[in-house]
Amino acid sequence: MAWAPEGGDTRFGALRLLESGPRGLTEAQAERRLLAHGENVVPAHRPVSWPRRLARSLRDPFTMVLLALGVVSALIASWGTAGVIVLLVAASCLLRSNGEHRADRSTAALRELVASTVTVRRRPHEEAAPREREIPVDELVPGDVIKLGPGDVVPADVRLLRASGLTVHQAALTGESEPVPKQAHDLPEGTDHLLWQGSSVASGTATAVVTATGAATLYAGAQQAPARKPSAFDRSVNGISWILVRVMLVIPPVALVANALLHGKGLEALPFAVAVAVGLTPEMLPVVVTTALARGAALLARDGVIVKRLPALHDVGAIDVLCVDKTGTLTQDRPVLSGSVGPDGRADPAALRWAAVNSFWTLHLTDPPTPDPLDEAILDAAPDPGDVEGLRATPFDPTRKLSCALVRTDDAAAYVVVVKGAVEAVLDRCAMSAAERGRAAEVARALAGAGARVLAVATAESTTERTAERMAEHAVSRTAEHPLEGRAGHALSGAAERMLEGRAGRAGEGIRDHLPDEERGLRLVGFVTLVDALSPEAAGALAVLAGREITVKVLTGDHPATAARVCRDLGLKVEAVADAASLTPQALERATVIARCTPEDKARVVTALREAGHTVGFLGDGSNDRPAMRVADVGICPRSAVDVTREAADIVLAAKDLTAVDQAVLAGRRSTGNIITYLRIALSSNVGNVIAMLAAGLAFPFLPMLPIQVLLQNVCFDAAQLSFAFDRAAPATLRRPLRLRPNGIVRFIVGFGVLNALVDLATFAVLTWGVRAAGQPAFHTGWFIENLLTQAVVMLLLRPTIQVSRPLGLAAGALAVVGLLLPLSPLAGVFGLVALPAASYAWLLLVVVLYGGGLLAINRRTGWIAERS
């Protein structure tokens with residue numbers, strides 16, 4: 001935790017506590033402190049080693065099921081089955097580990113791109129004069145005195161010593177979208193004299209002393225986020241795994257006991273029971289899942305999207321709620337003019353004209369290091385103000401909350417003081433009655449309530465330059481104890497400096513004592529309103545996400561009206577607007593905008609949405625977003641996000657753009673759709689085979705298929721099923737959130753598993769009648785052929801789309817060819833297969849054709865195959 005001085009400490013007291021001084025540290029002191037405190041770097045993400053990554057891959061539930069089967073197979077000396085299982089597990093783990101390793105390398109490359117220097121004040125030795133020089137930020141130590149300017153990233157936690165017009169962007173830490181004014185108080189209260197590592201200077205300059213570096217900073221402390229909860233993928237995979245485990249714990253013992261009771265076989269039937277368990281298990285599932293996800297991640301990588309955790313690709317395709325911030329996602333973090341009204345609230349171009357005069361001459365006469373974005377927005381929209389000559393200007397100051405320009409117009413050589421700034425600050429300087437002031441304040445509140453940022457504009461005229469100068473200075477310094485307070489360090493024009501020199505001696509008396517009453521007040525011209533510039537891609541991307549049945553919720557620290565207006569301008573239907581402090585579960589479901597969110601509020605909202613049954617994605621870029629990102633099903637951030645947020649994210653986008661989110665969603669749904677198709681086909685086929693094997697094992701005095709034939713059949717089918725990872729996606733899978741739903745998959749496989757079992761039983765009848773003379777080898781061969789042919793058919797027909805990809809078509813064709821030709825090849829004897837009579841092939845093909853026709857008829861009538869899981 002960063003050091004913060006107590007309320008009574010002065011700036012010099014802070015320096016004494018840090019054993020430093022205004023002249024900075026000596027080089028020797030800095031070296032000693034660097035050894036004591038370490039480099040000024042956030043604790044780095046420790047890369048996962050290959051052995052640990054492989055071990056983590058083994059924790060996958062399906063992999064554990066396969067390993068258990070492999071152990072049982074080895075115990076009964078079924079070395080072929082055990083070897084195939086070990087090979088499949090190794091392939092799955094290597095694919096997953098390699099994909100995650102490549103993602104880690106990509107994010108490490110992003111970290112290497114972030115390098116910076118800072119201007120520090122140091123001395124060669126105690127007696128030497130201080131010198132300012134640039135050093136790498138990792139060499140900063142507590143007690144260093146540094147200088148900051150516009151655009152600088154604050155390199156450590158610091159305490160301000162001097163500040164001039166300083167405003168800071170600290171959204172990365174607090175979520176505040178607006179720059180926050182900071183001041184170097186002698187007697188500080190609160191935290192507006194402190195800057196945190198990771199924030200950036202929006203305007204002004206500062207000198208500060210470093211109070212904390214490295215792991216001691218507030219920024220580093222943001223890494224202590226909640227542990228990640230199981231994602232949608234984890235929950236779905238666990239559900240399917242437990243269903244398989246329960247079935248596998250019941251069916252093999254039943255087969256073993258039944259064979260013992262009916263045929264007098266005890267342990268002799270154990271290989272058959274293991275074969276039944278192996279036949280039920282989708283051995284290729286880890287490989288197919290990993291390949292499908294890795295392929296989707298590789299396609300996204302071409303567009304600069306990094307998938308750091310492969311299961312996150314399933315999760316992003318399953319999200320039905322996407323939580324986003326407003327600034328930088330829906331808007332460009334750049335204001336644009338939206339209106340100009342008079343004091344009565346009616347449209348009036350005069351306010352815009354005088355606001356433009358103030359902005360133009362403030363920018364030109366004071367020459368700030370970086371232009372004020374509000375001034376630029378006003379000038380972009382304002383017409384030519386006419387022949388106006390600027391004489392003096394004072395830039396916007398966060399303490400006074402206004403800027404002032406003294407100009408001369410071409411009509412009657414009039415001198416005009418133009419003041420622009422916060423509504424309260426300008427109204428306080430206007431000569432108006434309490435009723436008029438109240439009506440004007442009500443107009444400003446109504447404009448702000450509509451979601452706009454409101455600036456008030458006021459003027460005062462004089463026929464003499466001397467009086468106008470006094471009026472301008474009075475307007476700027478009216479509320480300050482000292483008329484010149486806050487001006488030190490401002491970039492003033494030479495004329496303005498000369499104007500102030502003559503008044504310095506009278507500073508204690510106060511300018512207002514030398515002005516007549518009629519010269520003290522300004523006249524309110526009106527108000528100009530500005531809104532954040534909308535992201536050009538946001539409206540279209542929001543419409544696309546709505547078409548994908550994804551609900552977007554905006555979690556922001558801004559005012560509710562501001563965020564709601566942005567959403568409406570983008571065409572997003574705002575059902576309700578809620579305040580994070582008073583949020584209820586009912587309001588959360590209805591709310592499109594949740595405003596005034598702290599980092600803890602964001603995490604609480606995401607958790608509540610997940611507990612309500614939603615699959616939630618969170619898009620953020622600041623360290624304040626990290627807690628919410630960790631509790632979401634999938635965390636998403638752009639490359640420009642802070643380091644700790646990139647480390648916590650599951651998916652890193654090329655830019656903070658909702659269009660890129662849609663690309664990830666599509667890739668996730670394609671991959672998940674292919675996985676669901678594989679599960680449906682593999683499990684329904686396996687269930688049908690297991691039912692048929694159990695029935696045949698009980699009805700016949702011999703095994704319906706030899707264990708080695710079961711293994712060979714599974715290997716052929718498993719190899720062909722790898723093509724599902726490269727299959728085309730059905731349009732229906734891209735229109736709605738898609739996730740692995742165990743109940744839906746179970747309903748599907750039970751229905752089609754029973755149908756497949758009926759086909760197998762019909763095959764038994766054909767084989768019993770047609771190949772009696774050939775004996776058991778012919779029976780085994782006939783069922784082997786029929787199994788491979790029907791599996792080739794279901795690979796093509798039990799899919800939600802009729803379009804077949806080339807890899808899938810080739811795989812199904814190869815499976816059918818192996819089934820028909822292997823019994824005729826020289827390898828037939830190795831596997832106990834024999835050639836069948838031509839008539840038997842005809843009967844088997846007839847069964848397969850009838851099965852395929854039945855599948856087409858059922859799908860055409862019910863649409864069951866295309867039904868989502």
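**Exercises on strand and helix packing**

Strand E13 (residues 402-409) is mostly covered, with 7 of its 8 residues buried, where buried means under 20% relative accessible area (1.4 Å probe, protein chains only). The model is predicted, and local features need pLDDT of at least 70. Residues are numbered from 1 along each chain as its sequence is written.

**Exercise 1.** Determine in which sense E13 pairs with E12 and with E14.

*Solution.*
Step 1. Two strands pair if DSSP finds at least two bridges between them.
Step 2. E12 (residues 388-397) and E13 pair in the antiparallel sense over 7 bridges; Ala393 has Ala405 in E13 as its bridge partner.
Step 3. The hairpin of E12 and E13 has 4 residues between the strands, and Lys401 in the turn has a positive phi of about 65 degrees.
Step 4. E13 and E14 (residues 415-421) also pair in the antiparallel sense over 7 bridges, and Leu402 stands opposite Gly421 in E14.

**Exercise 2.** Classify the packing of helices H10 and H11.

*Solution.*
Step 1. H10 (residues 285-301) and H11 (residues 311-318) pack at an angle of about 80 degrees, their axes being 8 Å apart. Axes are lines fitted to C-alpha atoms, for helices over the stretch in contact, and angles run from 0 to 180 degrees between N-to-C directions.
Step 2. Angles of 65 to 115 degrees count as roughly perpendicular; H10 and H11 are therefore roughly perpendicular to each other.
Step 3. Leu293, Gly296, Ala297 and Leu300 of H10 make the contact with Pro311, Leu313 and His314 of H11, contact meaning heavy atoms within 4.5 Å.

Terms used. This is a predicted model: local features need pLDDT of at least 70, side-chain atom pairs count only at pLDDT 80 or more; totals for chains, interfaces and linings use all residues. Side-chain values use heavy atoms; hydrogens and water are left out. Helices (H or I, at least four residues) and strands (E, at least two) are DSSP runs, numbered from the N terminus. Angles under 35 degrees count as roughly parallel, over 145 as roughly antiparallel, 65 to 115 as roughly perpendicular and the rest as oblique. Buried means under 20% relative accessible area, exposed over 50%, partly exposed in between (1.4 Å probe, protein chains only).
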